[in-house]
Amino acid sequence: HLQLVESGGGLVHPGGSLKLSCVVSAVTLEYHAIGWFRQAPGKVREGVACISSVGETTIYANFVKGRFSISRDNNRDNTNSTVYLEMNNLTPEDTAVYYCAAGPTAMTKWGILPPEYEYTYWGQGTQVTVSS
């Protein structure tokens, strides 16, 4: 069983930065890629970025390339991991609830963002608001 807990959301001015964290605990962590999604009010949830189980592959949505960066820090026995989403040059369009999710690391081999249905486990989300 896998647990994910997001943190780091908040209110930021346009052009500002935030760093989200997703703490992941599992006994089979080495098989799990972690993705970040977001859902703005009245919109469907969309994929933002994804990182493979040991971080060798990272994938981004076009609308965040060059602004967002995903990384992960696994503990020695791969039973815990913290996955980060560093967000820079934020705009009001980035306002959303941000979720992290876990799915099989094999889904990252194609080099494209895995769709939502590939993910099995989800966190509760953290609110990011970009406003002046």
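Biologist: Is Arg 38 buried or exposed, and what is its relative accessibility?

Modeller: Burial is judged by relative accessible area: buried means under 20%, exposed means over 50%, and partly exposed lies in between, with a 1.4 Å probe and protein chains only. Arg 38 counts as buried because its relative accessibility is 7%. Please note that this is a predicted model, in which local features need pLDDT of at least 70 and side-chain atom pairs count only at pLDDT 80 or more, while totals for chains, interfaces and linings use all residues. Residues are numbered from 1 along each chain as its sequence is written, and side-chain values use heavy atoms, with hydrogens and water left out.

Biologist: With which residue does Arg 38 form a salt bridge?

Modeller: In general, side chains of opposite charge can pair when their charged atoms come close. The criterion for a salt bridge is a side-chain nitrogen of Lys or Arg within 4 Å of a carboxyl oxygen of Asp or Glu. Arg 38 meets this criterion with Glu 46, their closest N and O atoms being 2.8 Å apart. Glu 46 counts as partly exposed, because its relative accessibility is 31%.

Biologist: How many salt bridges does a search of the whole structure find?

Modeller: The search finds 4 salt bridges. One of them joins Glu 116 to Arg 45, with 2.7 Å between the closest N and O atoms. Glu 116 lies in the loop between E9 and E10, and Arg 45 in the loop between E4 and strand E5 (46-51), so the pair ties together parts that are 71 residues apart in sequence. Glu 116 is partly exposed, at a relative accessible area of 32%, and Arg 45 is partly exposed as well, at 24%.

Biologist: Which residue meets Arg 67 in a salt bridge?

Modeller: The side chain of Arg 67 meets that of Asp 94, at 2.7 Å from N to O. Arg 67 lies in the loop between strand E6 (58-60) and E7, and Asp 94 in the loop between strand E8 (80-87) and E9, so this pair ties together parts that are 27 residues apart in sequence. Arg 67 is buried, with a relative accessible area of 16%, and Asp 94 counts as buried at 1%. Salt bridges link Arg 38, Glu 46, Arg 67 and Asp 94 in a network.

Biologist: Where does the charged end of Lys 19 sit?

Modeller: A charge sits over a ring if NZ of Lys or CZ of Arg is within 6 Å of the ring centre and within 35 degrees of the ring normal. The charged end of Lys 19 sits over the ring of Tyr 84, 4.6 Å from its centre.

Biologist: How many aromatic pairs are found in the whole structure?

Modeller: Rings of Phe, Tyr and Trp (its six-membered ring) pair if their centres lie within 6.5 Å; planes under 30 degrees apart count as stacked, over 60 as edge-to-face and the rest as tilted. There are 3 aromatic pairs. Among them, Phe 37 and Tyr 119 are edge-to-face, with 4.9 Å between centres and 90 degrees between the planes. This pair links distant parts of the chain, 82 residues apart: Phe 37 is in strand E4 (residues 32-39), and Tyr 119 is in the loop between strand E9 (96-104) and strand E10 (121-122). Both Phe 37 and Tyr 119 are buried. Phe 37 also pairs with Trp 122 in a tilted arrangement, 4.9 Å centre to centre and 55 degrees between the planes. Trp 122 is partly exposed, with a relative accessible area of 24%.

Biologist: In what order do the strands of the open sheet lie?

Modeller: Two strands pair if DSSP finds at least two bridges between them. The open sheet has 4 strands in the order E1-E3-E8-E7, with antiparallel pairing. Its edge strands, E1 (3-7) and E7 (68-74), each pair on one side only. Between E1 and strand E3 (residues 18-25) there are 5 bridges, and Ser 7 has Ser 21 in E3 as its bridge partner.

Technical notes
Helix = DSSP H or I, 4+ residues; strand = E, 2+ residues; numbered from the N terminus.
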